[in-house]
Every structure is written in structure tokens, then in C-alpha cells.
Amino acid sequence: MQELNIKANLQSVMTNIPDDVDLVAVSKTHPVEMIKEAYQAGQRKFGENKAQELILKAPQLPNDIEWHFIGHLQTNKVRQIIPWVHLIHSVDSFKLLQEISKEAVKANRTIGCLLQLYIASEETKFGLDLKEAQELISLFRSDRLENIVIRGVMGMATNTDDEELIATEFKSLKGYFNVLKTEFFSEGDQFNTISMGMSSDYKLAIECGSTMVRVGSMIFGERTYL
Ligand SMILES: *Cc1c(COP(=O)(O)O)cnc(C)c1O
């Protein structure tokens, strides 16, 4: 078996990431011991994609960790993650946003949210198109949902080796971000995050305007699903 050195992996990823781009270390499927190792190497932002897993791990780890929820989120799972989560990357319906707001108010927390936009040329991925995102923000405004800050957008490129296609998709997400920012937000609004790029494509994502990359296997090694 290959020796895993989380600290060295983290450092080598960091050398490719400019200071103004955030790194979310995607720790899904990995045990808290491995998260602790990354924490000791200085990493503070971690990403999980399952509510159950997040609420199991978070209480066992230092409370200055910033938890990012990056998976598809069902409304009936919102309540359990609200005490822990800092930024939800995967808002793909107004109903979900309403639920996040309702539970955030109850918990007296303010939760950052990204709108997940559909950019891939695959059928399987979740996400809004630009028009749906515009409608969602309009509703968010007219309904005055509380305890939510819409911080930007998230997207996942097609799972392919075709770098040109991936770059086109990343650039389209950056374009959607610009449209939404111009139409709905001003500088004081904290609408400043473009979450795109994973282990295989984070460097390309940064070239295309990413401000937040979500890197898992390059840091923690391959995942084994039981
Ligand atoms: C798992 C996951 C990642 C990280 O994937 P790696 O290829 O391991 O870097 C990033 N984003 C989302 C939404 C994920 O589910």
C-alpha cells in the first residue's frame, strides 16, 4: 500500500493555490484521525457531502473548523447540519433555501449559501440553469428570507479528460456569476465566491476564475466506499 502523507499532500496542493483562492479539503468517507492530521498541518476548511457523516464527525473535532456542505441536500436533512455548517455549496431550489432560512433563524445562526449551477454536459448532475438562479434570487429577495447570505455560485464540470470542454464549462460558470452579480448584488453584499475545481481540475478552475476549490483525493488519497 502507498504511504499517505496528508501534510505533504496538503502542502503540494497549496503551492498551486494563490492566496486569494480558498481551499476546501474534502474529507468525505475519511475518518476523523485523517481530518485531525490536516488540521494540525493548518487546514481549517473541510467539506462533507452527507448530513449524517457531517454531524457524526464535527462534534469530535476542533470548533474552529469551518464546515462546508458540498453534496445534494434534502430539506429533511437541513435541521441537523445547521448547528455545524458554515457554507452550503449546493442550494438548488427555493424550497431548500426556505428551509435553511427557517432552521437558521431557529438556531440563531447565519448561513452562507452558494447556488449550484448546472454547467456539465452530463445528465446526472444537480443544479440550476441561469434563469432558475435568477428566479430563485428574486424570490429570496421578495420573500425576505432571513439568516441567509447568498455568497456566490458552485458548479461541477463534466467528468472527462477533455480539458477544453472542462475550461468551457468553468468559464460559463464564471459568466453566470458575473451576470448574477451585476443584476442583483453590489460590492457590500459578499457575493464573491465561485466554487469550482476538484483534484483533477483545480488548477484549470483557478485559471478560469475559481475563488474556492474543493480538493479531496489529492489530499486524503483515494476514497473507498463500503
Ligand atoms: C467528492 C467531491 C469533491 C472532491 O473530489 P476529489 O476528486 O476527490 O478532489 C469536490 N466536490 C464535490 C461536490 C464532491 O462531491
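**Reading a predicted fold, feature by feature**

Visitor: Okay. Is Glu 103 buried or exposed, and how do I read that?

Guide: The idea is a cut-off: under 20% relative accessible area means buried. Glu 103 has 7% relative accessibility, so Glu 103 counts as buried. Glu 103 sits in helix α5, residues 94-107.

Visitor: Which side chain does Glu 103 make a polar contact with?

Guide: That of Lys 106, side chain to side chain, at 3.2 Å.

Visitor: Now the nonpolar core. What's the general idea there?

Guide: In soluble globular proteins, nonpolar side chains tend to end up buried together. Here the largest nonpolar core has 67 residues. The members that touch the most others are Ile 88, Leu 97, Ile 100, Leu 115, Ile 150, Phe 170 and Ile 219. Helix α7, residues 163-184, supplies the largest share of this core, with seven residues. Apart from this core lies another one, of five residues, including Val 24, Leu 87, Leu 114 and Met 154.

Visitor: Phe 170 is on your list. What does Phe 170 touch?

Guide: Not counting residues up to four places away in sequence, Phe 170 touches Ile 119, Ala 157, Met 196, Gly 197, Asp 201, Leu 204, Ala 205 and Cys 208.

Visitor: On to strands. What should I expect of the side chains in a regular strand?

Guide: They alternate between the two faces of the sheet. For a case here, take strand β6, residues 148-155: seven of its eight residues are buried, so β6 is largely enclosed by the rest of the structure.

Visitor: How many bridges join β6 to β5, and how do the two strands run?

Guide: Seven bridges join β6 to strand β5 (residues 111-117), and the two run parallel. If you want a pair to click on, Gln 116 stands opposite Met 154 in β6. β6 also pairs with strand β7 (residues 193-195), again parallel, over three bridges. There, Gly 152 has Thr 193 in β7 as its bridge partner.

Visitor: How does the chain get from β6 to β7, and what's the handedness?

Guide: The chain goes through α7, and this β-α-β crossover is right-handed. To check it yourself, point the strands away from you: a path that runs clockwise from one strand over the helix to the next is right-handed.

Visitor: Where is there another right-handed β-α-β unit?

Guide: β1, helix α2 (residues 32-40) and β2 make one. In strand β1 (residues 22-26), four of the five residues are buried, so β1 is largely enclosed by the rest of the structure. Four bridges join β1 to strand β8 (residues 212-215), running parallel, with Asp 22 opposite Met 212. Pairing with strand β2 (residues 45-48) is parallel too, over two bridges, and Ala 25 has Phe 46 as its partner there.

Visitor: Let's look at loops. Where is Thr 160, and how accessible is it?

Guide: Thr 160 lies in the loop between β6 and α7. With a relative accessible area of 27%, Thr 160 is partly exposed. Leaving aside neighbours within four places, Thr 160 is in contact with Leu 165 and Ile 166. A polar atom of the Thr 160 side chain is also 3.0 Å from the backbone nitrogen of Asp 162.

Visitor: Which residues have a positive phi without being a glycine?

Guide: Thr 29 is one of them, at about 75 degrees, and Gln 190 is another, at about 60 degrees. Thr 29 is in the loop between β1 and α2, while Gln 190 is in the loop between α7 and β7. Thr 29 is partly exposed at 30% relative accessible area, and Gln 190, at 43%, counts as partly exposed.

Visitor: Last stop, the ligand. Which residues surround it?

Guide: Val 26, Lys 28, Ile 70, Met 154, Met 156, Met 198, Ser 199, Arg 214, Val 215, Gly 216, Ser 217 and Arg 223.

Visitor: And which N or O atoms lie by the ligand's oxygen atoms?

Guide: A side-chain N or O atom of Lys 28 is 2.7 Å from a ligand oxygen. Arg 223 places a polar side-chain atom 2.7 Å from an oxygen atom of the ligand. With Gly 216, look at the backbone: an N or O atom there lies 2.8 Å from a ligand oxygen.

Methods
Residues are numbered from 1 along each chain as its sequence is written. This is a predicted model: local features need pLDDT of at least 70, side-chain atom pairs count only at pLDDT 80 or more; totals for chains, interfaces and linings use all residues. Side-chain values use heavy atoms; hydrogens and water are left out. A nonpolar core is a set of buried Ala, Val, Leu, Ile, Met, Phe, Trp, Tyr and Cys residues joined through side-chain atoms within 4.5 Å. Buried means under 20% relative accessible area, exposed over 50%, partly exposed in between (1.4 Å probe, protein chains only). Contact means heavy atoms within 4.5 Å. Two strands pair if DSSP finds at least two bridges between them. A residue is near a molecule or strand if one of its heavy atoms lies within 4 Å of it. A polar contact is a pair of N or O atoms within 3.5 Å; within protein, one must be able to donate a hydrogen and the other to accept it, and residues adjacent in sequence count only if both atoms are side-chain atoms.
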